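Reader: I would like to go through this model by question and answer. Please keep to what can be computed from the atoms.

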Amino acid sequence: MQRVKTTVIGSYPVNVENMELMNGYFNQTESSWNKYIKSAVDDMVNAGIDFVSDGQTRDPFVNIFTRKLNGCRIRDRTEVIDKVEYAGSITVEDQKYVRGILPKNRQLVGLIAGPFTLTRSSVDLFYNDEKELAFDFAKALKQEAQILQKHVDLISIDEPFFSMEMPEYGKELIQTVVKGISCSTRLHVCGDVSKIVPSLLDMPVDILSHEFKASPKLFDAFKQHKITKNICLGSVRSDNSRVEPVDEIVEHIKKGIDVFVDRIVQLAPDCGQRMLPKDVAFQKLKNLVKAGEKLYG
Amino acid sequence: MFSFTKEQEVLDISGIKIGGQPGLYPTVLFGGLFFKGEPDFDDGKKQIQNMFYLSKKTGNPAIPDFFVRTEEYVEDIVNFIEKNVPSSRPFSIDIIDPSLKIKILEHLGKKNLLSRTIYNSIHVGIKDEERKALQKYTPEMAIIVAFNPKDKSPDGKIEVLQNGANLTDVGLLEIAKNVGIKKILVDTAAMAPGDNSGASIAAIPVIKEEFGLPVGCAIHNVVEKSKWLDGFEVARKSVDASSNVNIPLFGGDFAIYGPMINSDLVFPVIAWQDILVSEYTENYFGISPVDSHPRRKFF
């Protein structure tokens, strides 16, 4: 069997020293965020993960994007108050930093919050037209993806809101973001996607990523269809702190192989790990890597 | 000059009124003492007397802001406050080190001074120990520093007040209320020159319109840190003092103007600005200044 790569979905927990940030303010010096990115990256590398992310340590993933897009402001939720437009790189500088500290034998995932998720996570005070807003988000994200592709090995689009509702223009939205992108692309949709499997299999991306560990019924849902996409198999839960033993993960991956055969190209946690304690997140990654090694060598 | 559509809170801080629509109350001035850490109590006493004299002359309320840098002087400074700040007046304590903040709260509590204390400050660096100390020894008033390391714009400052910008469990306003602070002042967190320093001024009307609370800042910090001004040594103090006029001009309620030794420069500058603001806001918005306002002393 060809060795399947281990990866992450996106976010990773870090312990931010708020007082250190305040001391930067009191001393009127700029505090760098790089130490928190490095902390996340070091854990992923030390756990043995092949495709590493920047850990999305700065903010919840929606805010990372809306904080830097024109037309958005952050209150309790993001508010859209003007036309959404790209205002310059959002994640690229962090990715460049990660590339600089990443061992040569590891690869880098660039992360993009999906346009539909940004739309549904925001309070629209300007458009009054969800589709128009979603496509403006998509066009802005496209510009980020165009720059990002030069610095990463894979671009992953995170669209959890697809699991609640797949809009009839969902494919077109993703197409807007990925069209012309030369690196590999992945679409991550967590939650129960059992009712939208055909739409997912039709998406213009190379890899589909879902939370198979928390929702093993997804295996049955995918079994009903011809698998035309590569799969990133969610194999450890991100929503609870129990660290799955290696053998349990191995058994889970075997179930995945029964359904997807050689279409599994990545093993990952079910979702971002931001809400887990740091030591738990690290141990889950380590066990994921060990399980992958046990199966694939 | 303008007025706000949001109803503005006017706080009574040990007899000093702060907040409200521009032109109603004079700008409250916080002058700092013992910034270097080792207090000169004799000099401090003279400076406080001078500041109160200027306050009486101009009409701008004065609040001494005491820096405490080391544990060694905690007790002495609290004793100094007790003896030298009249019992009818408020004062603020300005401390960075969280463990020192906890110690001084205890001392202020023991001396029954908490009802006159303005706690400077609550910010995203607050930890559980400090929250517990504040719950046990609760000052009547606190300044919240709206510094958001993720976004230094006015929007970022609102974010950190409202929800903590994912750095604290809840917003800074809620943290202050949860520990029992009754009267809240917002400091818009002046940044270093070139680091969005103008946002601290722009944020004044934005935050007042959003929350209706008294707002101000230490805009002089921007001047103090300016290396560019090294080439204009004669002008430095004037620039420092005059930077404070931005605060009443943008609708603000208080200025933390730096060392109290600068009082002679700052008080007349701010009083003059208050007069100009009041003239316009009365003519245009019909806001008559209170009897203690500098404009009443001018005519």
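**Core and interface**

Reader: Which residues are in contact with B:Ile122, leaving aside neighbours within four places in sequence?

Author: This is a predicted model. Neighbours within four places of B:Ile122 are left aside. The contacts that remain are B:Leu134, B:Ala142, B:Ile143, B:Ile144, B:Val145, B:Ile175, B:Ala176 and B:Ile181.

Reader: How many residues has the largest nonpolar core?

Author: B:Ile122 is among the residues with the most contacts inside that core. Listed with B:Ile122 are B:Phe66 and, from the other chain, A:Leu187, A:Phe222 and A:Phe260. The largest nonpolar core has 168 residues.

Reader: How many residues are in the second, separate core?

Author: Its members include B:Ile13, B:Ile18, B:Val28 and B:Ala218. This second core is separate and has 14 residues.

Reader: What area do chain B and chain A bury between them?

Author: The contact takes 30 residues from chain B and 23 residues from chain A. Carbon and sulfur atoms carry 53% of the buried area. The area buried between the two chains is about 2,200 Å².

Reader: How far apart are the closest N and O atoms of A:Arg75 and B:Glu210?

Author: Across the interface of chain B and chain A there are 6 salt bridges. A salt bridge here needs a side-chain nitrogen within 4 Å of a carboxyl oxygen. A:Arg75 and B:Glu210 form a salt bridge, with their closest N and O atoms at 3.9 Å.

Reader: Is A:Thr117 buried or exposed?

Author: A:Thr117 sits in helix 5 (residues 115-121) of chain A. Beyond four places in sequence, A:Thr117 touches A:Phe61, A:Val62, A:Asp158, A:Glu159, A:Pro160 and A:Phe161. Because its relative accessibility is 0%, A:Thr117 counts as buried.

Reader: What is the phi of B:Asn196 near?

Author: B:Asn196 lies in the loop between strand 8 (183-187) and helix 7 (199-211) of chain B. With a relative accessible area of 39%, B:Asn196 is partly exposed. The phi of B:Asn196 is positive, in a residue other than glycine, and is near 60°.

Terms used:
Residues are numbered from 1 along each chain as its sequence is written. Chains are lettered from A and ligands numbered from 1 in the order in which they are written. This is a predicted model: local features need pLDDT of at least 70, side-chain atom pairs count only at pLDDT 80 or more; totals for chains, interfaces and linings use all residues. Side-chain values use heavy atoms; hydrogens and water are left out. A nonpolar core is a set of buried Ala, Val, Leu, Ile, Met, Phe, Trp, Tyr and Cys residues joined through side-chain atoms within 4.5 Å. Buried means under 20% relative accessible area, exposed over 50%, partly exposed in between (1.4 Å probe, protein chains only). Contact means heavy atoms within 4.5 Å. Buried area is the accessible area (1.4 Å probe) that two parts lose on being put together, summed over both. Helices (H or I, at least four residues) and strands (E, at least two) are DSSP runs, numbered from the N terminus.
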